Amino acid sequence: MIFLINSAINNDQTRLQETLNSLESIWRRYPLSDIWIAESSRNGLSSAFVGYIPIRAKLFTFWDDPYVKRVYSERQELGFVKSAIEVYTTRELLRQPIFQNRIYKLSGRYELTDNFRPDEHRLATFKRRLPTGFSQEQCGTTGMLMTRLYSFSRELIPVIRDTLSEIQEYHWHKWGSGGVFDLEHGFYKFLPRQHLHELDTIGVRGRIGHLSHYVED
């Protein structure tokens, strides 16, 4: 198994602990799993913080990436920044050689629960779609596919990469024209439906963004 984790620890102890909890929740259940971390802190991580990340996790650093720097320099809302970076860094990880049959994508603020059942995952698996809280004029679609945890087969890597490219382009367009958009609206809008498999419970819990509210799916 391989898990891709997007994280922006930003030298914050709470965020570091959340990412470490993500790793522990995986290895406790699946000790042989590979984990790749895409770390995109605005100003990088100090060596002390990097030292807390287990060496068996493969760390990809994006804080000096020109695209990531461009996103931070836009001075847009947090929702814009988080999705713009996650779309890009996930797509970049998927350019690496991957030999596992299924790829699991987990947010660095979340951890697996005992309701996570890999045998239920096929095609591109997401928690069942939700309606958007925005008008279609605002966000360009009517629903969302939550990205706290999702997965896809190795054969679908080209499809997911292409979908992420479409999301990235529309994301910049929508925010630039006064609308709102994010990765979750993007997967709902652009992922071809013949590749989608939905679950009522996907087996993840964690803190929602910058809020103190916790959710379990």
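1. Helix 4 and helix 6 cross in a left-handed sense (near helix turned anticlockwise from the far one by less than a right angle). Helices here are DSSP runs of H or I, at least four residues, and strands are E runs of at least two, numbered from the N terminus. The model is predicted: local features need pLDDT of at least 70, side-chain atom pairs count only at pLDDT 80 or more, and totals for chains, interfaces and linings use all residues. Residues are numbered from 1 along each chain as its sequence is written, and side-chain values use heavy atoms, without hydrogens and water.

2. The axes of helix 4 (residues 78-93) and helix 6 (residues 157-176) come within 9 Å and cross at roughly 155°. Axes are lines fitted to C-alpha atoms, for helices over the stretch in contact; angles run from 0 to 180 degrees between N-to-C directions. The two helices are therefore roughly antiparallel (over 145 degrees).

3. Contact means heavy atoms within 4.5 Å. Helix 4 contributes residues including Phe80, Val87 and Tyr88; helix 6 contributes, among them, Leu164, Trp172 and Trp175. By class, this contact has eight nonpolar, six polar and two charged residues. Nonpolar covers Ala, Val, Leu, Ile, Met, Phe, Trp, Tyr, Cys and Pro; charged covers Asp, Glu, Lys and Arg; the others, Gly among them, are polar.

4. Three strands form an open sheet, order 5-11-12, with antiparallel pairing (at least two DSSP bridges between two strands). Strand 5 (110-112) and strand 12 (214-216) are the edges. Strand 11 (residues 204-207) joins strand 12 through three bridges. Arg207 stands opposite Tyr214 of strand 12.

5. Helix 1 (residues 13-29) packs on this sheet, touching strands 5, 11 and 12. Its direction makes about 15° with that of strand 5.

Conventions. Parallel < 35°, antiparallel > 145°, perpendicular 65-115°, else oblique.
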